[in-house]
Amino acid sequence: MLDGFAPFDFKTKPSWFNPHYLGLIISMEIAYVISGLLFALLVEEWVWDYAITVTVIHITVTSAVMAEFPLMLHWWAALGSGLILMICSGQCLAFYLFKDNFIYPVLDDF
């Protein structure tokens, strides 16, 4: 059972035997992967830009809700791996679904 602070809780002590901690980690990683896939369907490209923006907003809201800046290494590792999963899953889906409409930068002018 998760409380209202669950998406922002970085103070839970990390342990593979703590079901509350595992629930937080698994729900965050699943949310990041699903968000990446949804971004791919909505914006069709540049998923990485939306992923980074949402992550910065998440860090800001987390700091406001918990009333301190997160300095826990395990939280940053989970957030970073979620960000990588979001970018990779979203960009891959966007590439395969919209590869005919994908905009590639023209580097001939440089």
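**Exercise 1. The nonpolar core**

Task: State how many residues the largest nonpolar core has and which of them have the most contacts inside it.

Solution. In this predicted model, the largest nonpolar core has 18 residues. Those with the most contacts inside it are Met 28, Tyr 32, Val 47, Trp 75, Leu 79 and Met 86. One example of a link within the model is Met 28, which touches Ala 78 and Leu 79 when residues up to four places away in sequence are not counted.

**Exercise 2. Helix H1**

Task: Determine whether the end-to-end distance of H1 agrees with its number of residues, and list its buried residues.

Solution. First, H1 has 25 residues, so at 1.5 Å a residue it should span 36 Å. Its end C-alpha atoms are 35 Å apart, which agrees. Second, the buried residues of H1 are Tyr 21, Leu 24, Ile 25, Met 28, Glu 29, Tyr 32, Gly 36, Phe 39 and Ala 40. H2 and H3 are included in what covers them. Third, consider Ile 25, which lies in H1. Its relative accessible area is 18%, and because buried means under 20%, Ile 25 is buried. Finally, H1 is followed by Glu 44, whose phi is positive, near 70 degrees.

**Exercise 3. Helix H2**

Task: Explain why the buried residues of H2 are said to lie on the same side of the helix.

Solution. The buried residues must be identified first: in H2 they are Val 47, Ala 51, Thr 55, His 58, Ile 59, Thr 62, Ser 63 and Met 66. They cover an arc of only 140 degrees around the axis, and therefore they are on the same side of H2. The face turned away from this buried side carries the exposed residues Thr 60 and Ala 64. What covers the buried residues of H2 includes H1 and H3. As a check on length, the 20 residues of H2 should span 28 Å at 1.5 Å a residue, and the end C-alpha atoms are 28 Å apart, which agrees. Just after H2, Ala 67 takes a positive phi of about 60 degrees.

**Exercise 4. Helix H3 and Met 86**

Task: Describe the buried residues of H3 and state which residues Met 86 touches.

Solution. The buried residues of H3 include Trp 75, Leu 79, Leu 83, Gln 91 and Phe 98. Among the elements that cover the buried residues of H3 are H1 and H2. Met 86 is found in H3. Its relative accessibility is 1%, so Met 86 counts as buried. Leaving out residues up to four places away in sequence, Met 86 touches Tyr 32, Ser 35, Gly 36, Phe 39, Val 47 and Ala 51. Met 86 and Trp 48 are 38 residues apart in sequence, yet 7.9 Å apart in space, C-alpha to C-alpha.

**Exercise 5. The annotated regions**

Task: Relate the "transmembrane region" feature of the UniProt record to the helix content of residues 20-43 and 50-69.

Solution. The unreviewed UniProt entry places this feature at residues 20-43, 50-69 and 75-98. Residues 20-43 are 100% helix and 0% strand, with end C-alpha atoms 34 Å apart. Residues 50-69 are 85% helix and 0% strand, with end C-alpha atoms 22 Å apart.

Notes: Residues are numbered from 1 along each chain as its sequence is written. This is a predicted model: local features need pLDDT of at least 70, side-chain atom pairs count only at pLDDT 80 or more; totals for chains, interfaces and linings use all residues. Side-chain values use heavy atoms; hydrogens and water are left out. A nonpolar core is a set of buried Ala, Val, Leu, Ile, Met, Phe, Trp, Tyr and Cys residues joined through side-chain atoms within 4.5 Å. Buried means under 20% relative accessible area, exposed over 50%, partly exposed in between (1.4 Å probe, protein chains only). Contact means heavy atoms within 4.5 Å. UniProt positions are given in the numbering used here, feature names are shortened, and annotations may be inferred rather than shown by experiment. Helices (H or I, at least four residues) and strands (E, at least two) are DSSP runs, numbered from the N terminus. The expected span of a helix is 1.5 Å times one less than its number of residues. The arc is that of the directions from the helix axis to the C-beta atoms.
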